[in-house]
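The entries follow the order in which I consulted the structure.

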Amino acid sequence: MFKPAFATILVASCFPVAAGSQIVSNNSAANAATASQALSPQPTEASAIEHISIYANRTSRPAQDVLASITVLDRADIVARQANDLPELLAQLAGINMSRDGGRGQNSSVYLRGGNTGHTLVLVDGVRTGSATLGYKPLSMVPLELIERIEVIRGPRAAWYGSDALAGVIAITTRRSSTLELHADAGSFGQAGASISASEQLQKIALSAIAGVSQADGFNAQPDQDPDSDGYQQHYLKMSADYQTDFGLWSAQADVNSGFNQFDTSFGTEDETDTLSRTYLFAWQQDVGSWQHQAKLSQALDSDTTFGPDSRSPFVTERQEFNYQLATDFAAGLEFVGGVNWYQEQVAKSATAYEQTSRINRAVFAGLNYQYNAVQLESAVRHDAIDHYGAETTWQLAAGYQFSHHWQLRASRGTAFKVPSFNQLYFPGYANPDLQPEESRSDELALSYVHSETELQLAWFDRKVTNLIQGIEQAENVLLATVKGVEFSLRRDWQHWSSNVSYSWLDTQNRSNDRKLERRPENTLHWRGSYTADSWSAFITADYQSATYQGADWFSGEPFPDAPAHTVWGAGLSYVFSPKLTFRARLANLTDKQYYTSRGYATAGANFRISVSYILQ
């Protein structure tokens with residue numbers, strides 16, 4: 001059911017806090033609990049905690065009550081998995097495949113349910129993110145130390161969020177510290193990092209800040225090119241303030257993430273890209289009678305400047321966004337959410353001249369949720385008016401039937417679209433100004449079982465994409481591409497033991513040439529087994545991926561060799577010395593498996609990482 005305390009929604013959109021008039025003090029309590037969970041011996045997947053979905057329907061509800069395939073990781077889950085970076089963490093989840101151009105800090109591509117990288121909308125604190133020139137959000141430089149929770153929604157969500165959400169949504173909520181905590185880590189390839197978080201409570205004002213640095217020498221990302229190591233470095237800072245008044249909760253935050261990453265070029269030279277991501281967010285929420293109001297105003301900047309031996313290529317894009325949302329219960333079991341969304345994207349600086357450098361998107365959306373006994377119905381519709389493209393209307397429908405206390409059967413259908421990026425439309429020598437927006441229609445049928453010690457989900461999906469944008473020398477629309485597949489996941493807890501397994505089968509096809517879509521493995525399997533004792537816990541992981549189509553030569557049309565199938569093993573340990581001090585260690589790629597997910601690029605061999613966290617107060 002919809003949570004009347006709408007603060008929970010703002011919480012999810014901006015920060016993870018509890019709802020109600022005591023929201024500032026509850027913020028501290030909620031974050032303190034999270035910190036305690038992260039530093040205490042917890043189940044690997046924090047299975048005893050009920051996960052809440054925030055973004056699937058723009059309302060706060062238990063994940064098992066949402067008529068969609070979702071995965072929620074809270075801070076305890078993220079810390080327990082001990083991933084090196086965000087792409088590695090996401091690659092462990094059902095329905096996601098990652099293609100990496102080297103190690104940490106290098107470019108990575110996410111394929112959610114077989115969709116292109118640009119088919120996954122990335123939200124950070126409820127705000128649309130990503131470069132307007134690229135058309136997607138690079139994930140390799142997003143620090144895990146700044147993330148409080150991740151919600152992955154598999155399936156179209158354009159009826160709620162507009163362009164880009166063809167395959168799904170990755171919604172990230174950043175941390176708001178409630179303690180004074182130090183963290184440090186070190187590992188293979190010269191990896192080293194440190195962060196500090198702090199908070200202060202001043203009556204009705206809550207202040208928090210997190211700052212950190214991370215770097216690595218890396219390894220040779222392209223063995224056939226320049227024989228050197230390709231590393232990275234980054235610095236990040238987040239500051240936030242929450243002020244509770246009689247006129248609602250007012251919030252402000254600033255996030256800055258800067259650094260560089262190195263890479264090799266086809267000319268055999270070493271290049272470097274300086275990156276800067278900066279976001280300012282102001283939010284307000286207030287309950288007035290039975291109506292819950294929320295508003296957000298944000299300003300984001302994404303900057304990439306590539307340096308070569310004799311060149312400098314800057315690309316800077318900006319986005320201003322405004323969201324307003326209201327929600328209420330019309331009657332018992334009937335819930336309504338509606339609002340408006342406006343954002344402007346612009347190329348503020350570039351190494352080349354674009355024919356168009358700005359566009360505005362205006363949208364209105366609304367949705368209903370109805371529940372009567374064992375039957376649940378969901379619907380949503382959104383209308384987007386986009387500069388230079390006219391308008392797009394998307395919708396989604398879902399129905400669920402709870403035929404026992406633990407079992408549910410659900411079905412859904414939805415449409416989605418993606419507007420071409422500025423590079424695809426206007427980049428000299430590559431652009432195609434005649435490109436049409438990509439459009440899709442998706443169907444899903446799923447069966448789920450939820451119990452305190454067992455969770456099972458089986459889902460079938462089928463997505464047809466028209467005007468799919470492909471191309472190397474020039475972007476072009478493919479008349480039709482199809483993606484269908486099956487996902488299975490099972491969690492089973494028994495006393496101190498926990499086991500999690502997920503399997504995905506994908507069948508993708510480009511109907512214009514009857515070939516598969518690139519870098520989408522047909523079979524993917526993840527397994528994670530863990531044991532939790534009083535003061536320590538340990539886990540073992542196995543990740544399998546079948547042979548993967550890597551595309552074809554542009555000139556001859558001959559397919560490149562498939563990336564071979566591979567299985568990668570890992571293990572980790574966590575030990576709590578005291579409520580304030582925790583030590584963690586992880587070994588990845590135990591067998592030193594040599595494999596690749598992107599043609600021409602190496603992946604890390606056997607490697608380790610150790611970390612320590614200490615709470616000062």
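I took buried to mean under 20% relative accessible area, exposed over 50%, and partly exposed in between (1.4 Å probe, protein chains only). The model is predicted: local features need pLDDT of at least 70, side-chain atom pairs count only at pLDDT 80 or more, and totals for chains, interfaces and linings use all residues. Residues are numbered from 1 along each chain as its sequence is written, and side-chain values use heavy atoms, with hydrogens and water left out.

Entry 1. I looked up salt bridges (a side-chain nitrogen of Lys or Arg within 4 Å of a carboxyl oxygen of Asp or Glu) and found 23 in the structure.

Entry 2. I examined Arg491, which is buried at 7% relative accessible area. Its side chain meets that of Glu455 in a salt bridge, 3.3 Å from N to O. Arg491 lies in strand β25 (residues 476–494) and Glu455 in strand β24 (residues 454–470), so the pair ties together parts 36 residues apart in sequence. Strands (E, at least two residues) and helices (H or I, at least four) are DSSP runs, numbered from the N terminus. Glu455 is partly exposed, at 36% relative accessibility.

Entry 3. I then turned to Asp85, whose salt bridge with Arg100 has its closest N and O atoms 2.7 Å apart. Asp85 sits in the loop between α3 (75–81) and α4 (86–90), and Arg100 in strand β4 (residues 96–100), so the pair links parts 15 residues apart in sequence. I noted Asp85 as buried at 3% relative accessible area, and Arg100 as buried at 14%.
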